[in-house]
Amino acid sequence: MSDRSGFWSSSAALDWEHGLVAGTGSLGAVLSGTPGRHVVHVCHEEFFLPVNSAIAAPRISTAIGDVRDALVAADTDAAAEITSRTAAKDGYDGRLIWTDPFVPVAALSWTPDGPIEESTYRRVGDFTTGRVEVEWCTESGERSSIALIPDRTAGSLALELFSTHGVDGVLSLDFGPDEAGTGDYPSTDYGVFLAPSEPVFERGSLMIDVDVDAERLSPFVREHAPSPWQPTGARVEVAVPADLDPLPADGGVRVRLPAGATVSLPIRVELSGGLVGPTPSSTASHASLFEASSLDLHSDVDDSVSYDAVLESARAGDADSVRAALELAFAAGRHTIISSTGVLPPTLVGIWQGTRRPAWSGDWTQNGNVQHGGVASLVASGTPELFTSYLRAIFRHVEDYAENAERVFGGEGWLLPARFDSHGRSNHFATAYPHLYWMAGGAWVLRLAWDQFCATGDLETLREYAWPLARNVMAFATSVAFADDTGALHLAPSYSPENTPANRTNPLAVDATMDVAAFRDAARLGIRIADLLGEDVDRAAWESFADRLPPFRVADDGTFAEWLDPAYDEQLAHRHVSQLYPFWYEEDPAAQTPELRAAALETIRRKLDWRDERPWAGRDGRQEMAFGLVGLGLAAARLGDAEAAVRCVESLARDFWRPNAVSTHDGDSIFNVDASGGLPAVVIEMLVQSQPGSLALLPALPASWPSGSIRGVRARGGVVIDELTWDADGATVSLALVAGSDAARHGDVISVSGLGGIHSVDLSSGPRTLRLERIPEAVPAPGN
């Protein structure tokens with residue numbers, strides 16, 4: 001099968017969660033319904049409602065020593081009680097303060113005059129252009145269609161209507177019914193805080209205003225004012241051509257579609273209040289971004305087979321269909337993420353929403369969802385410029401991070417929140433979810449910013465974003481770590497999202513592996529960045545800090561320990577895999593012993609087995625949280641366990657995608673784009689891995705992928721894998737260097753390994769093609 005450039009589905013979307021999505025990066029639309037009535041929920045990436053309190057983080061710093069002492073004594077109950085009691089002094093009453101919700105701005109519907117005769121119904125998506133369409137025919141051959149046309153370059157979005165026989169109907173624009181999503185947390189209908197106007201039709205446009213009703217907000221919310229970035233309302237306008245004979249109607253406008261003519265209805269959203277961010281510097285089209293990378297696993301399943309049928313056969317175990325599902329998920333995921341990356345990165349739901357009760361507020365959740373979801377594959381799949389959207393979002397709230405560090409830990413530098421939206425204050429926490437104590441967020445963003453630089457050599461972006469992150473992450477880390485009697489450094493309170501040690505009643509702990517690993521990595525990266533930019537840094541102090549952090553350890557059960565203090569017992573029965581951080585990116589020398597690598601592999605295998613014991617979503621099921629599989633898959637690929645890695649991506653492609661070409665949070669449950677960004681990242685890591693100065697090809701190639709190709713991979717050192725093909729005899733790779741990426745590497749000679757051979761490839765004179773012959777006896781076993 002050739003590269004996937006689109007899909008089609010024979011099913012209709014009876015709710016927004018199963019709808020077709022289109023987006024310019026900033027404007028989003030999701031199309032659902034049936035021929036009798038189709039609905040388009042219109043969204044804008046900035047439209048978070050300021051309906052929850054933006055109260056500053058609690059001043060736990062006044063009691064942080066007592067919290068730390070309790071945890072060193074392994075008394076987590078006392079540590080939690082001190083936290084709650086101290087937070088109460090700042091107005092926290094124990095109830096979880098949610099992030100502000102991402103909601104649709106309005107709903108546009110098309111209702112043709114009935115009765116509707118239908119014999120076929122088909123949904124089509126074009127990954128290359130971003131266009132999506134539904135079409136249906138009658139038995140007599142009359143055809144009608146509705147399409148969404150995004151233009152990323154122009155930043156415009158249009159609804160397109162067509163009928164071969166002409167039809168009358170009503171275009172309605174309203175607040176939209178509240179379609180509760182699946183698994184909603186919280187369950188509040190935030191629509192009660194909005195004051196929509198009646199739709200009006202004037203000057204050729206159908207318009208509606210949707211404003212926040214500040215009087216309905218609680219005094220607690222009003223007292224703690226929202227961020228200046230927060231919009232307070234929006235206007236949606238739909239241009240209606242005069243040749244449709246528009247007449248005002250109840251809730252909208254009555255129009256007549258001419259027979260055989262395509263009618264375009266441009267959709268415009270204008271926000272009021274707030275500070276709309278700058279337009280991204282990139283003016284690349286959707287097509288150029290999508291075509292930057294592709295995957296072909298030679299599935300032998302033709303494009304004539306519907307996505308519905310592919311998924312049905314894949315779930316029944318057909319090997320070709322499983323590979324086809326992977327090809328489709330790779331392409332669909334990239335299309336989804338490109339469509340929802342604009343000034344800002346994709347949220348949990350990209351830029352699409354059809355409910356005012358969004359699951360988990362539809363925010364940016366940073367303890368895994370963003371990094372292993374929305375932005376996970378932006379760099380590696382050939383679109384590193386899009387990753388800057390995440391950095392832009394992060395840098396809106398740096399004052400909040402300094403406030404978090406001081407108020408929570410009494411520390412310096414920046415403490416990034418586990419979740420954020422239009423502000424960055426750490427005020428979303430509870431005893432069961434002590435997010436305010438999670439330390440690794442800033443260091444994780446720094447790692448991703450560094451990897452963007454490694455793929456591009458862009459020193460300006462490194463200076464603008466990575467260097468301030470490095471300085472402030474290290475200022476925080478060195479100010480909150482404390483020494484024991486031997487001089488070793490420790491971190492407490494420390495939190496491994498979102499898990500609780502097996503022998504404790506809440507998640508608070510000492511030395512969560514993720515926190516330690518992320519800070520050790522940050523120290524290493526900070527020194528490198530300072531050297532590149534000529535910045536002064538106390539190298540000895542940062543190196544000493546990294547060396548004095550606790551070593552990784554093998555837990556008593558033979559797994560890679562999630563908490564480095566042995567007083568805290570492992571809890572493998574959990575969806576998160578944060579302890580595997582040392583195996584996701586560049587090699588951490590402290591985690592490379594055979595014993596630690598074997599323990600990490602044991603963690604991966606046991607986590608996958610735990611999931612497979614109840615392979616369903618919902619009550620008692622374990623087919624949950626797509627990005628947990630991404631974390632397992634990345635580590636498995638890096639450790640050379642191809643079969644574990646392919647278990648992860650096959651489960652994602654087979655069980656976490658719907659025929660609308662959008663992924664879900666759990667198996668076929670909860671609209672969510674984490675897998676859309678995460679699956680391509682794992683697939684790429686299975687086929688191409690890079691470290692400074694070296695490239696590994698096919699390091700985790702499973703037996704179920706006997707031949708195939710991947711194009712457009714971006715690797716560390718400014719290396720581009722233009723194309724890598726493989727079959728039973730060997731592999732061929734075409735390599736090049738990104739122009740202007742010299743700062744990302746030391747020289748133009750790259751060490752390339754794969755299929756048992758090692759080659760030095762000089763790229764100084766231009767692109768090179770290399771043939772690797774298969775040497776089976778030299779291929780190491782997984783994990784060695």
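Reader: Which residues point one way from β25, and which point the other way?

Author: This is a predicted model, in which local features need pLDDT of at least 70, side-chain atom pairs count only at pLDDT 80 or more, and totals for chains, interfaces and linings use all residues. Residues are numbered from 1 along each chain as its sequence is written, and side-chain values use heavy atoms, leaving out hydrogens and water. Helices (H or I, at least four residues) and strands (E, at least two) are DSSP runs numbered from the N terminus, and buried means under 20% relative accessible area, exposed over 50% and partly exposed in between, with a 1.4 Å probe and protein chains only. The residues of β25 in question are all buried: V688 and S690 point one way, and the other way point Q689 and Q691.

Reader: Which residue in β26 stands opposite V688?

Author: Strands count as paired if DSSP finds at least two bridges between them. β25 and β26 run antiparallel and are joined by 4 bridges. Within β26, the residue opposite V688 is L697.

Reader: Which residue takes a positive phi in the hairpin of β25 and β26?

Author: The hairpin has 2 residues between its strands. The residue with a positive phi, near 85 degrees, is G693.

Reader: What is the bridge partner of S751 in β31?

Author: Strand β30 covers residues 749-754 and pairs with β31 in the antiparallel sense over 6 bridges. In β31, the partner of S751 is S760.

Reader: Which backbone oxygen lies 2.6 Å from a polar atom of the side chain of R716?

Author: R716 is in the loop between β27 (708-715) and β28 (719-726), and it counts as buried because its relative accessible area is 13%. Contact means heavy atoms within 4.5 Å; leaving aside neighbours within four places in sequence, R716 is in contact with residues including R447, Y585 and E586. A polar contact is a pair of N or O atoms within 3.5 Å; within protein, one must be able to donate a hydrogen and the other to accept it, and residues adjacent in sequence count only if both atoms are side-chain atoms. The side chains of R716 and D451 are joined by a polar contact of 2.9 Å, while the backbone oxygen at 2.6 Å from a polar atom of the R716 side chain belongs to S690.

Reader: Is D363 buried or exposed?

Author: D363 lies in the loop between α6 (319-339) and β19 (364-365). Its side chain makes a polar contact of 2.7 Å with that of T99 and one of 2.8 Å with that of T365. Not counting residues up to four places away in sequence, D363 touches F48, T99, T347, L348, R419 and F420. Because its relative accessibility is 0%, D363 counts as buried.

Reader: How is α10 arranged relative to α11, roughly parallel or roughly antiparallel?

Author: The axes of α10 (residues 441-456) and α11 (residues 459-480) come within 9 Å and cross at roughly 155 degrees. Angles under 35 degrees count as roughly parallel, over 145 as roughly antiparallel, 65 to 115 as roughly perpendicular, and the rest as oblique. The crossing angle therefore makes α10, relative to α11, roughly antiparallel.

Reader: At roughly what angle do the axes of α5 and α6 cross?

Author: The contact involves Y307, V310, S313 and A314 of α5 and residues of α6, among them S321, V322 and A324. The axes of α5 (residues 307-315) and α6 come within 8 Å, and they cross at roughly 130 degrees.

Reader: What is the bridge partner of H38 in β5?

Author: Another open sheet has 7 strands in the order β2-β3-β4-β5-β10-β16-β15, with antiparallel pairing. Within it, β4 (residues 37-44) and β5 (residues 106-112) run antiparallel and are joined by 5 bridges. In β5, the partner of H38 is W110.

How values were computed: Axes are lines fitted to C-alpha atoms, for helices over the stretch in contact, and angles run from 0 to 180 degrees between N-to-C directions.
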